[in-house]
Amino acid sequence: MAADMRLPAPRKRSTNLPKEHGKHLVAPGDVITTDSGFMRGHGTYMDDEKLVASVAGVVERVNKLICVRPLKTRFNGEVGDVVVGRITEVQQKRWKVETNSRLDSVLLLSSVNLPGGELRRRSSEDELAMREYLQEGDLISAEVQSVFADGALSLHTRSLKYGKLGQGVLVQVSPSLIKRRKTHFHNLTCGASIILGNNGYVWIYPTPAEQNEEAGGFVTNTEPVPLSDREVISRLRNCILALSVHKMLLYDTSILYCYESAFHHQIKDILKPEIMEEIIEETRRRILEQEG
């Protein structure tokens, strides 16, 4: 069995650095400004009439308000955000969901579609059958319905595009790399579909032939996935990880360009540093051409 051996070598610095590198980066304790005319925002504090950073990140200024956006952070959800999460606990009339935020999110029994799409009050029979709908370990896609006072998120799956996820691959990236778009559900032309959760969880799965509206989002397809589809999903996974390593924003266009740039490489080679840099350079060039 052949093994891939590598000797340590100096890393080549990329010449096309992302726009982030032109911004004002600070570490905790760095003085941002001594001008008393500015207001203190998130990630800052006052010390001897100086505005000081309390986190490592990028300084952002809106009129007179200065805040620091952390480079690495947990997901801070907003109403309307699409999330991918995992059920961690079944409680009375609710499920606890892990969504990469500081606190577990909550999915109420009243916030899910009943099988068959019935519209009625939830009964004690529904409460007893909660584990038949969703149980510990199940992955779901949902939308943030509201944010509690302590910062915990309340989710809902009252749409056929949300619900229990079936066969696919979960990739975890930083929430700051997910670009906010009108839709976070994409059927890519390469033959697979992705859900780009605002919380940094990306779900890659075979594009379904049809949506079963009677299932209410609880029935998953367990048919074997063809080898060709598994290869597309594996290649997409490695492309998303490559984009994440190079801190590039993830959205349908950047992922598709990266997939096309990596197409002539073997799937296992995409994450080799020198090949990854070549793929990312080509992806950046195509994105710049499109924007220009």
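The protein chain folds into five helices and 17 strands, where helices (H or I, at least four residues) and strands (E, at least two) are DSSP runs numbered from the N terminus. This is a predicted model, in which local features need pLDDT of at least 70, side-chain atom pairs count only at pLDDT 80 or more, and totals for chains, interfaces and linings use all residues. Residues are numbered from 1 along each chain as its sequence is written, and side-chain values use heavy atoms, with hydrogens and water left out.

**Whole chain**

Start with everything shown. Of the 292 residues, 42% count as buried; buried means under 20% relative accessible area, exposed over 50%, and partly exposed in between (1.4 Å probe, protein chains only). Among contacts (heavy atoms within 4.5 Å) with a separation of 6 or more, 63% join residues 24 or more positions apart.

Now select residues 25-26 and 39-40, which are β1 and β3. They belong to an open sheet of four strands, in the order β1-β6-β7-β3, with mixed pairing. Both β1 and β3 are edge strands with a single partner strand each, so one side of each has no neighbour in the sheet.

**D126**

Next, pick D126 in helix α1 (residues 124-128). Is D126 buried or exposed? It counts as buried, because its relative accessibility is 4%. Leaving aside residues up to four places away in sequence, D126 touches L109, L114, R120, R121 and Y133.

**V225**

Move on to V225, in the loop between β17 (201-206) and α3. V225 is also classed as buried, at 17% relative accessibility. Beyond residues up to four places away in sequence, V225 touches Q167, P206 and R230.

**Two helices crossing**

Finish with α3 (residues 227-245) and α5 (residues 273-291), which pack at an angle of about 80 degrees with axes 10 Å apart. That makes α3 roughly perpendicular to α5, a label for angles of 65 to 115 degrees. Show side chains for A242, L243 and V245 in α3, which meet M276, I280 and T283 in α5. The residues of this contact divide into five nonpolar, one polar and no charged.

Definitions and conventions. Axes fitted to C-alpha atoms, helices over the stretch in contact; angles between N-to-C directions. Parallel < 35°, antiparallel > 145°, perpendicular 65-115°, else oblique. Nonpolar A, V, L, I, M, F, W, Y, C, P; charged D, E, K, R; others polar. Pairing = 2+ DSSP bridges.
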